[in-house]
Amino acid sequence: MAIHQTPLVSEAGPDDLAVTPPLSVRFFEEADAPAWDEFVRRHEHGSPFHLTAWKRSIEATFGYKPRYILAVEDGRIRGVLPLFLVQNLLVRRALISSPFAVYGGVLADSAEAREAIRRFVEELARRLGVEYVELRNAWPEQCLGFNRVSRYVTFTQTIGPNQEAILESIARKTRRMVRKSLEQNFTVRREVAWSQPFVDLYLANLQRLGTPAFPRKHFARLLEEFRGMVDVREMLLDGKVVAAVMSFYFRDQVLPYYGASDPAANAAAPNNFMYYELMRWSGENGYRVFDFGRSKKESGGSYDFKSHWGMVERELPYEILLVRRKELPHYSPNNPRFRLFIGMWRRLPPWLTRLAGPFLIRLFP
């Protein structure tokens, strides 16, 4: 199996990097979308971020160029890799799987397909002259043998229809906070099209963290592209929305992805109520895995909050292929280089952060 040798070009065409039959590797075409999504849904390590709905949303909102790759044999998909070409002043030029996603990387049904995609990616990266390739793998079986990045973990919990069993599975300290929240006058409202309170809470939370704001159209596009697989749940206390979370529903999994609360309501433990309520509802409605998502290892903040729920903690085996760069990139808020910016951002007026944020967030995919 060999990569065809063609002249170095800034943008490789769909056939420039083909692998010899019977297994071929090529770029995604729009006609591939139904088969691609079906492969993702059936693959044990598939995620919402591998679906073409994520491709359409990220491309339309942020303008990154998709370079989705698939391995095909006898007309059947054997492997896929969602990949975006990102170009800006910070990362310069990079291939990322996938921007703003916690999971990505190759899905393949054989070692041969995975190896063919690896060769394709290495050659593509050289042709495009990128600084690096980043693969946000969720499982070791996805790894291609690039440099491992030991920076993130994820938390998961098995759930079911018995709400008392869910409550008992929660670690004691957090369970006490959940019970406290259940004594409050919370009600829940579900939105599937748009939630202004959610967006307001989430953007305010990003500023407190020193993170640039997402454009509002990002949330609108996700709700549109993932229709039937996504919702926003608002937690109301005495009629006011004090917490809200946008979640994805994929196969038997529920993934709370963007969540925030009003600090003024902390005494009522709205976050504890929100996530327990989501676990309870999901278990009653046939979902079996609660995926609490990614956190930086032992970084305080969200890591501490999630680790106190007693869920299964698992390291994420991210990988980076260095092409033109000599050192692994580190664009995390934990990087000392960004501390001054984060401190300044927190002190800016909210109207300014919401105006400038959508331009700056593109630098940190």
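**View 1. Strands β3 and β4 pair in an antiparallel fashion in this predicted model.** Strand β3 covers residues 69–73, and strand β4 covers residues 76–81. Five bridges join the two strands. A71 has G79 in β4 as its bridge partner.

**View 2. The pair β3 and β4 belongs to an open sheet of four strands.** The order across the sheet is β1-β3-β4-β7, with antiparallel pairing. The edges are taken by β1 (23–27) and β7 (107–108). Each of these edge strands has a single partner strand, so one side of each has no neighbour in the sheet.

**View 3. Helices α1 and α3 lie across strands of the sheet.** Helix α1, made of residues 33–42, lies across β3, β4 and β7. The angle between α1 and β4 is about 75 degrees. Helix α3, made of residues 111–128, lies across β1, β3, β4 and β7. The angle between α3 and β1 is about 40 degrees.

**View 4. Helix α2 packs against helix α7.** Helix α2 spans residues 52–62 and helix α7 spans residues 216–225. Their axes are 9 Å apart and meet at an angle of about 155 degrees. Angles over 145 degrees count as roughly antiparallel, and α2 and α7 are therefore roughly antiparallel to each other. Their crossing is right-handed.

**View 5. Residues of α2 meet residues of α7.** On the α2 side the residues are A53, W54, R56, S57, I58, A60, T61 and F62. On the α7 side they are K217, H218, R221, L222 and E225. Sorted by class, this contact has six nonpolar, three polar and four charged residues.

Note on methods: Residues are numbered from 1 along each chain as its sequence is written. This is a predicted model: local features need pLDDT of at least 70, side-chain atom pairs count only at pLDDT 80 or more; totals for chains, interfaces and linings use all residues. Side-chain values use heavy atoms; hydrogens and water are left out. Two strands pair if DSSP finds at least two bridges between them. Contact means heavy atoms within 4.5 Å. Axes are lines fitted to C-alpha atoms, for helices over the stretch in contact, and angles run from 0 to 180 degrees between N-to-C directions. Angles under 35 degrees count as roughly parallel, over 145 as roughly antiparallel, 65 to 115 as roughly perpendicular and the rest as oblique. A crossing is left-handed if the near helix is turned anticlockwise from the far one by less than a right angle, and right-handed if clockwise. Ala, Val, Leu, Ile, Met, Phe, Trp, Tyr, Cys and Pro count as nonpolar, Asp, Glu, Lys and Arg as charged, and the others, Gly among them, as polar.
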